[in-house]
Amino acid sequence: MRYADAGVNISAADHAKRRIAAMAAKTFRRGVLAPIGGFGALFQLDKKRWRDPVLVASADGVGTKLKIAFATGIHSTVGADILNHCVNDILTQGAEPLFFLDYLAVGKLDAAVVEQVFEGISRAAKKAGCSLIGGETAEMPDFYLPGEYDLAGFIVGAVERKKQFDQRRVRPGDLLLALPSSGLHTNGYSLARKLLFEVAKLEPDSYVQDVGNKIGAELLKPHRAYWPLLKNIVAREWVSSMAHITGGGITGNLPRVLPRNVHAAIDLGSWPVPPIFRYLAKIGNMEREELLQTFNMGVGMILVVPAKQAGRVEAELRRRREKFYLIGRVEKAVRGTPPVLYSGKLLL
């Protein structure tokens, strides 16, 4: 018997890896010391540029958003999702992305699908200035359903020790500026799929008037990467902290970047809620608290900005033609109040 008799096609995998290597090479930045193909990836920090660097690492997966990719046959957007999600996670500590490694596991390798995934990863990596320098593509027969796979990513970035964000620098009076998301990003999909495909009985190609889009296309909108937009703001140290609004929503993520002696006071009517969230809220008859701790509700990143720097941050965002919303302020904590205190009504 041969390995292929057990369902593993080595020649197909080798061909796919050559295609991946070619796409990855286009993302290489200074510091990459070896092409893809070794047992380990090599990267050297520029000692002339970095004086006292701290490495920042993160790992994540795309989650059940992959189910939408399986159903539609569109796989490049989930490739961008995993890269951008990881870039945003380390950005919350002020880190510049350096390099990224992927993990793609399939039941049966489909070269066309693999190429779509990595086209998305490499395109997003190039935009973020992050090198795709290695990873693993595993073919595991009988482990996944036909046509399905799992996708995860691992990122390393760097920040000067004195410039890394520190929640202890957050003070009462700091402003909370929200940057819009492109949609669900990569969180809340288990609930969204249940509501859309089981409760509302939709198909991925169903056009929804309330959303203004086919539901599959709406759900596949890529997770935004905020590093290219914010790198100048970060370099000038105009923000105290920032929160990536992912699983857990504003309720679960904003407290992660605040000290215990403060709370965030947020006006729920201060930003527009995208139609997809209004539609999910309607068909699920969802309560406000459940929405806010499940979905990002149109907010992808929250910047904690000292009042004296607000004008500079706002001017830079306007220069880049980026929408932003003043959604609240940091206040001194009051005993018995939650770390995030909401007022007003969501614009549903």
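**Backbone, cysteines and helix packing**

Analyst: Aspartate 142 is exposed, with a relative accessible area of 80%. The model is a predicted one.

User: Where does aspartate 142 lie, and what is its phi?

Analyst: Most residues other than glycine have a negative phi. Aspartate 142 lies in the loop between β3 (131-139) and β4 (149-160). Although aspartate 142 is not a glycine, its phi is positive, at about 75°.

User: Is histidine 185 buried or exposed?

Analyst: Histidine 185 has its place in the loop between β5 (175-180) and α5 (189-199), and its phi is positive, about 60°, although the residue is not a glycine. Residues under 20% relative accessible area count as buried. The relative accessible area of histidine 185 is 0%, so this residue is buried.

User: How many disulfides does a search of the whole structure find?

Analyst: A disulfide is a covalent bond between the sulfur atoms of two cysteines, and a pair of such atoms has to lie within 2.5 Å to be counted as one. For cysteine 86, the nearest cysteine sulfur is that of cysteine 130, 8.8 Å away, and cysteine 86 is in no disulfide. Cysteine 130 is likewise in no disulfide, its nearest cysteine sulfur being that of cysteine 86. The number of disulfides found in the whole structure is zero.

User: What is the relative accessibility of cysteine 86, and what is that of cysteine 130?

Analyst: Cysteine 86 counts as buried because its relative accessibility is 0%. Cysteine 130 also counts as buried, and its relative accessibility is 0%.

User: At what angle do helix α3 and helix α7 pack, and how far apart are their axes?

Analyst: Two packed helices are described by the angle between their axes and the distance between the axes. Angles under 35 degrees count as roughly parallel, and α3 and α7 are therefore roughly parallel to each other. For helix α3 (residues 76-91) and helix α7 (residues 227-235), the angle is about 15° and the axes are 11 Å apart.

Terms used. Residues are numbered from 1 along each chain as its sequence is written. This is a predicted model: local features need pLDDT of at least 70, side-chain atom pairs count only at pLDDT 80 or more; totals for chains, interfaces and linings use all residues. Side-chain values use heavy atoms; hydrogens and water are left out. Axes are lines fitted to C-alpha atoms, for helices over the stretch in contact, and angles run from 0 to 180 degrees between N-to-C directions. Helices (H or I, at least four residues) and strands (E, at least two) are DSSP runs, numbered from the N terminus. Angles under 35 degrees count as roughly parallel, over 145 as roughly antiparallel, 65 to 115 as roughly perpendicular and the rest as oblique. Buried means under 20% relative accessible area, exposed over 50%, partly exposed in between (1.4 Å probe, protein chains only).
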